[in-house]
Amino acid sequence: MSIIYSTILFNNIAVPPTIIALICQGCQSGVAIENQTITLLCNATGKPVPNIRWMKNGEYYDGNSSSSSPMNKIVFQKFAISDTGIYTCIADNGVGNPGRKSFLLSVNYRPENTSIKISDEKKVFCKGDSIHVTCTSHAKPAPAYSLYRSNVFLGSNAIGIFVVELAENGNYSLTCIPNNKVGIGPSKSESVTVKEPPKITNGRINGSLSTNQPVVEGDVVTVTCSASGSPPLTGRWTKDGRVWNGNNLIFNPINRADAGSYKFILHNGDECNKTEQKIHISVYYLDLLEVIGSSNKSYSQSNPLVLFNLSINAYPSNTSLSCNPSAPNILTTITSHDAGINRKQYLVVAIIQNDLDSASIVCKAENSVGVRERTLHFYRQPIVLKEAFAGQFSITNPKWQDDLQDVKSAGYNDLKQKCIKILETAYSGVPYLAAINIKDFILQRKYAG
C-alpha cells in the first residue's frame, strides 16, 4: 500500500519546462533555400506540459502569410528573404522559469536586382575602344557573372567587372547574367553602337593615285580623297588657314598661287579620332620669253658682236634655252644665271663672221610644260658722219701744237681723249670709228663730225 502511494505522489510532482531540441527541418546549418518549405520544430518537456510561444527578433511572432505556427513548430511553405531572423522558442508551464532557446535562420537566394553599367555611361563608341562593364546583383551566396555580346559568350568572373575590346562595328547588346548555387538571376542588357573609324583610302589628283602630282597652270584640276567609315562622314580641306568643305577640291583653272601642301581631314563624330592626309600640288608653268632691252640691234664691221639679254619665269626652273641663227656664218653662245627662285636670265652673244645686211636668231625656252619662242633681229649699221655737226678743231694752245708732234707724249693722249669726247657728243646714237691717229684726223679734216 505504501509503495503504491509513493508512486502516485511522485507522478504528481511539478517539473519546470525544458527545451530539449530546436531544429530546422529542410535547412542546412541553419540556412534555408528561398522558396523552399522548411519547419522550425521546438521540443520541450515539463509537468504539466508546457505551452510553446515564438518570438522573432525579440518580438512575439504568430506567423505570416507564408508560415503557420501549430504550437511547437513554424512551417514556412515558401521561405522568403523577409523570413530570415532570430527565432526564439519559449516553453512555459507555470512551474519555475520558462525555457528559452533561439535559432538564427538565414536564407540563400538566387541573384536579383541585376544591373549593368558601362564606363563613361556612353552609348556610342569607336571600333578598337576598350570599355569597362560592371555587373551587380543581390544574392546569397555571392554570385558569379557571365557577360555576353549579342548571345556570344565573352567571359565570366566573381567580381562582375569586365574589360571588353570593341573589335567589331555595329549595333549590339551587352548582357550580364548572374548565378549562384541557388539559381540563375535575371539578365540585364545595355545596347551600344560601335562606329567604324574614318579612313582615307587614297588621294587622287585628276584621277591619278598620287599625293604629289604636278599639274599645268591653266588646267582644271580636281583633288579628291576616298573616304570610308561609319556615317556621318565629314571631310574638309585646309591650307594656310583657308578651309574648303567636302571631299573634292576643284580648281577651275589652277594657277601657280594654288601650289602647295593641302591637308584633308576626315571625321565622323567625337567617338573616333579624326584622320588626315596631306597632298602636295606642284603647279608647272612657263611664261613668255622676255627680252631685256631691245630685240632689234645693230652691229658694225669694227664691232661684230651683238648681245641680247633674255629672261624667263618657269617651274620647274631647269629651263633649257637654244638659239638658232638664220645664217650659217653667225656664231652664238649662251650663258645663264639664276635671277630668283623660278627665274633665269640668259646672255646670248652673236658674232657675225661675214657681212650681213640683216639676220635673226630664234631662241626657244623649254621645260616639261612646253616651249616659248622669241625671235631676235639685228642689222648692219653703215658708218656715217653726222654732217649736222658744225665746227672745227682749232688748236689755239701752242702747247697742244707741240703735243701733236709726239704721239707718245702724255699731252698727245690727253688731247686724244678730249677729241673722243667731242666725237661721242657729235655722233650720239650713231656708230662711228674713233680716229686711230688723232694727228692725221685733225690735220686731214678741217671740220669735226
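Is Phe-378 buried or exposed? With a relative accessible area of 2%, Phe-378 is buried. Keep in mind as you look around that this is a predicted model.

Before we follow that ring to a partner, here is some background on aromatic pairs. A pair of aromatic rings is described by the distance of the centres and the angle of the planes. In this model, the count comes to nine aromatic pairs. One of them joins Phe-76 and Tyr-87, with 5.7 Å centre to centre and 80 degrees between the planes, an edge-to-face arrangement. This pair links distant parts of the chain, since Phe-76 belongs to strand E7 (residues 73-76) and Tyr-87 to strand E8 (residues 85-92), eleven residues apart. Both Phe-76 and Tyr-87 are buried.

Now back to Phe-378. Its ring and that of Tyr-299 have centres 6.3 Å apart and planes at 75 degrees, so this pair is edge-to-face. Because Tyr-299 lies in strand E27 (residues 296-299) and Phe-378 in strand E33 (residues 371-380), the pair ties together parts that are 79 residues apart in sequence. Tyr-299 has 4% relative accessibility, so it counts as buried; the cut-off is under 20%.

The charged end of Arg-256 sits over the ring of Tyr-285, 3.7 Å from the ring centre. Likewise, the charged end of Arg-149 sits over the ring of Tyr-172, at 5.5 Å from its centre.

Let's turn to the surface. Which residues form a nonpolar patch there? They are Leu-305, Leu-331 and Ile-351, and together they have about 230 Å² of accessible area. Leu-305 is placed in strand E28 (residues 305-315). Its relative accessibility is 42%, which is why Leu-305 counts as partly exposed: the value falls between the 20% limit for buried and the 50% limit for exposed.

Finally, zoom out to the protein chain as a whole. Its secondary structure comes to four helices and 33 strands. Of its 449 residues, 35% are buried. Among contacts with a separation of 6 or more, 64% are between residues 24 or more positions apart. The accessible surface of the protein chain comes to about 25500 Å², and carbon and sulfur atoms account for 50% of that area.

How values were computed: Residues numbered from 1 in each chain as written. Predicted model: local features only at pLDDT ≥ 70, side-chain atom pairs only at ≥ 80, totals over all residues. Heavy atoms only, no water. Patch = residues over 30% accessible without salt bridge, like charges linked within 9 Å, V, L, I, M, F, W, Y side chains within 5 Å. Areas by Shrake-Rupley, 256 points an atom, 1.4 Å probe, with all protein chains shown as cover. Salt bridge = Lys/Arg side-chain N within 4 Å of Asp/Glu carboxyl O. Helix = DSSP H or I, 4+ residues; strand = E, 2+ residues; numbered from the N terminus. Buried < 20%, exposed > 50% of the residue type's maximum accessible area, 1.4 Å probe, protein only. Phe/Tyr/Trp six-rings, centres within 6.5 Å; stacked < 30°, edge-to-face > 60°. Lys NZ or Arg CZ within 6 Å of the ring centre and 35° of its normal. Contact = heavy atoms within 4.5 Å.
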